[in-house]
Amino acid sequence: MVNQAPHHSARPSGGRRAVVVGSGPNGLTAAAVLARAGWEVDVYERHHSYGGASASSDILGPGTIVDLGAAGHSFGVASPVFRDLDLTSHGLEWVHPEYPMAHPLDGRPAAVLHDSLEATVAGLGADGAAWKALHAPLLGDIDTHLANILGPSLVRWPPHVVSMARFGVRALWPSGALGRALFREEPARALFAGSSIHSILPPSHLLTSAFGLIFGALGMTRGWPVARGGSQAIADALVSVLRSHGGRVHLNHEVTDLGEFPGADAILLDLTPRQLLELKGTDLTDRYAGHLKRWRYGTGVSKIDFLMDGPVPWTDPRVGGAGTVHVGGSLAEMEHAEREAKAGRMPDQPFVMVCQQQGADPSRATGAAEGKTVLWTYAHVPGGYDGPVGEAIETQIERFAPGFRDRIVRKVATPPSALESWNPNLIGGDVAGGSMGGLQQILRPAPVLSPHRTSTPGLYLASSSTPPGGGVHGMAGLHAARAALADAAAHRRRP
């Protein structure tokens, strides 16, 4: 049973107590790891429900399940900490669509990312050999690459140096430039660049190839599944682990002053730098606070969820079998749209992310919604842009699915301001906890060697503003929890 108000039980003799502020996947992961290690753990959440951006609701009406934030989970199914916590034994079930991803194109068949390298290569024609040469080195050793990429810092000596060096040769490139250099035709170029845009950066930026490579490799090895019953199931499983070790979650409790936790041995914050700076009682040094004040938030998203009276009428029927659809047209079109959004201008033809979870998970529309289709979409927009985007999203989808508008029964728009009001970590609609551009991709949230420790002993940052960045994988929470455990062990060893 979730506690609605603070409750502090007597601490076991010699035990340690942790407080976690924020119940997103990173906060809940940190809490579960510490509780499993024998700590007394309390999680505090301002909202009436837990889960952060991994939450679901019936906002499209009775019988619907709508993911309010994250939807597809290529990193979730591959997450080392989710596997270690054995979330599937706590009710989480990953279900896979027919295809991980598709990218519709004008006047020709869509580019399709299959769940195997061989099938993807076969569908790319003349560019199949180049696609294989680019991705095959990752697929044969995906767990090694994940250990490098999902580690606690990118400015450390990686655990697998040779693999990291091989990856880096390709990853450093802008995805647009690498795509043009390696591929002769638009399908392979668009398929690669569309995956790279999960960085929420234009394909002309350095290091965007890293995102194209890893998302493609994950799709062809682990897939891009969804959580049966909605992304809320991931948070539910984490809370189940936490409770099984005696941890507690306190809802409707907004923390504004860390002074209310005088006996805590560690406080872990699933917050971005702006919220950390607004807290009282942090005792941050001026130098560290100065770094946080310079933190930059990036391109936002504006979300629209649709209830349809049937499937989306994609021109290429295979697109209907894809869990994730990148609606952005050609590489050149995507580059232009992402540059415009990053520069603060609303693009006429924005990059639109579409998730079709229902193909793998029929529970998304049942009962009163039987026979309907729940469709999740968002467009990349300038940070904080609250202007209308519905027409632009619908036009982009209609372009590749004529008759789409005629099937809309209901829609709910959630612009950046509404996203931030629901989840204050989503500042200006930024779903990555801060821009991934420039040094912020590597030095998150400050140029320090231990990014999950703040300048205050016992105070840790456990959010997507720390390595390894955005996504529902819990790894930032794991690294913050490990830092707290290491500090406690070092304290015990002191004479």
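Modeller: Two strands are said to pair if DSSP finds at least two bridges between them, and strands (E, at least two residues) as well as helices (H or I, at least four) are DSSP runs numbered from the N terminus. This is a predicted model, in which local features need pLDDT of at least 70, side-chain atom pairs count only at pLDDT 80 or more, and totals for chains, interfaces and linings use all residues. Residues are numbered from 1 along each chain as its sequence is written, and side-chain values use heavy atoms, with hydrogens and water left out.

The sheet is an open one of seven strands with mixed pairing, and its order is β7-β6-β12-β13-β14-β11-β15. At its edges lie β7 (108–113) and β15 (408–414), each of which pairs on one side only. On average, neighbouring strands of this sheet are turned by 20 degrees against each other, direction ignored, where axes are lines fitted to C-alpha atoms, for helices over the stretch in contact, and angles run from 0 to 180 degrees between N-to-C directions.

Within the sheet, strand β12 (residues 322–327) and strand β13 (residues 352–355) run antiparallel and are joined by four bridges; here Val325 stands opposite Val354 in β13. Helix α9 (residues 186–196) packs on the sheet, touching β6 (99–105), β7 and β12, with contact meaning heavy atoms within 4.5 Å. The direction of helix α9 makes about 120 degrees with that of β6.
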